[in-house]
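Here are my notes on the model you sent over.

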Amino acid sequence: MVAMEKRDTRNDIIRIGMELIATQGYSATGIGAVLQEAKVPKGSFYHYFPSKEEFGLAVIDRFAEGYERYLCSFLQEQRVSPLKRLRNYLNAVADAVSLEENGCVRGCLIGSLGQELAAQNETFRLRLEEIFASWLQCLAANLDQAREVGEVDSTLDSQSMAGVLLSGLQGALLRAKVQRSAQPIRELTDTLFSRLLV
């Protein structure tokens with residue numbers, strides 16, 4: 001019974017930390033604010049995490065696991081053609097951003113932390129790089145399938161196009177935060193399918 005309680009508390013701290021870091025960044029998110037929101041005594045933090053860095057890595061891993069499941073739910077949908085899967089994914093990202101309660105203020109946690117921390121913390125940088133590499137592989141595999149069924153040119157370099165797509169989406173998410181609009185994501189999608197993936 002005690003072990004279950006510890007696990008739930010740790011999960012609550014990670015979930016709340018993810019929400020706060022997504023809106024205000026890692027550096028601006030104090031441990032005290034997370035614990036207060038989680039209704040956990042201040043002295044308990046180090047019972048669950050040896051350091052704020054370990055807490056940050058746990059938040060990154062939780063977000064990455066959830067987002068990879070989300071990405072795969074679209075890109076591995078076998079009843080839909082590969083390019084339609086990709087379009088469905090991009091449209092869903094735009095729709096999710098449009099529906100955000102605070103108006104496109106979150107963007108992508110991994111992209112935001114990359115901008116904030118990559119030059120400051122090598123441990124974070126390496127973990128974020130691994131996550132982007134995993135997402136790239138998912139996108140490249142989808143484009144490989146599109147090439148195999150003749151939806152895109154047979155000479156398409158799936159790995160390079162996946163990189164263009166991921167970089168474009170991260171940039172569009174950043175612009176969506178600035179503009180408080182999903183329009184940059186929709187523009188990216190339209191350009192991809194009318195100019196690049198033809």
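How many salt bridges does the count come to? Keep in mind that this is a predicted model.

1. Salt bridges, the tally. The count comes to ten salt bridges.

2. Asp12 and Arg15. These two side chains meet in a salt bridge, with an N to O distance of 3.6 Å. They sit three residues apart in helix H1 (residues 2-24), so about one helical turn separates them. Asp12 is partly exposed at 32% relative accessibility, and Arg15 is partly exposed too, at 36%.

3. Two pairs in helix H7. Arg125 and Glu129 form a salt bridge at 3.5 Å, N to O. Being four residues apart in H7, they are separated by about one helical turn. Arg125 has a relative accessible area of 27%, which makes it partly exposed; Glu129, at 45%, is also partly exposed. Further along, Arg147 bridges to Asp144, the closest N and O atoms being 3.1 Å apart. Here the spacing in H7 is three residues, again about one helical turn. Arg147 is partly exposed at 26%, and Asp144 is partly exposed at 26% as well. The general point behind the spacing: an α-helix has 3.6 residues a turn, so residues three or four places apart point the same way.

4. The nonpolar core. The largest core holds 63 residues, and those touching the most other members are Ile13, Phe55, Leu86, Tyr89, Trp135, Ile185 and Leu197. Helix H4 (residues 52-75) supplies the largest share of this core, eleven residues.

5. Helix H8. This helix (residues 158-179) has 22 residues and spans 30 Å from first C-alpha to last, close to the expected 32 Å. Its buried residues include Met161, Leu165, Leu169 and Leu173, and also Ser158 and Gln170. What do the buried residues of H8 pack against? The partners are helix H5 (82-98), helix H6 (109-117), helix H7 (122-148) and helix H9 (183-196).

6. The ends of H8. Asp157 caps the N-terminal end, with a side-chain oxygen 3.2 Å from the backbone nitrogen of Gln159. Just after the helix, Arg180 takes a positive phi of about 55°. Have a look at both spots in the viewer.

7. Aromatic rings. The search of the whole structure turns up 13 aromatic pairs. One of them is Phe45 with Phe55, an edge-to-face pair at 5.7 Å centre to centre with 75° between the planes. This pair links distant parts of the chain, Phe45 being in helix H3 (residues 45-48) and Phe55 in helix H4, ten residues apart. Both Phe45 and Phe55 are buried. Elsewhere, ring pairs link Phe63, Tyr67, Tyr70, Phe74, Tyr89, Phe132 and Trp135 into a cluster. Tyr89 and Trp135 also turn up among the core residues that touch the most other members.

Key
Residues numbered from 1 in each chain as written. Predicted model: local features only at pLDDT ≥ 70, side-chain atom pairs only at ≥ 80, totals over all residues. Heavy atoms only, no water. Core = buried A, V, L, I, M, F, W, Y, C linked by side-chain atoms within 4.5 Å. Buried < 20%, exposed > 50% of the residue type's maximum accessible area, 1.4 Å probe, protein only. Expected span 1.5 Å × (residues − 1). Contact = heavy atoms within 4.5 Å. Polar contact = N/O pair within 3.5 Å; in protein donor to acceptor, adjacent residues only side chain to side chain. Salt bridge = Lys/Arg side-chain N within 4 Å of Asp/Glu carboxyl O. Phe/Tyr/Trp six-rings, centres within 6.5 Å; stacked < 30°, edge-to-face > 60°.
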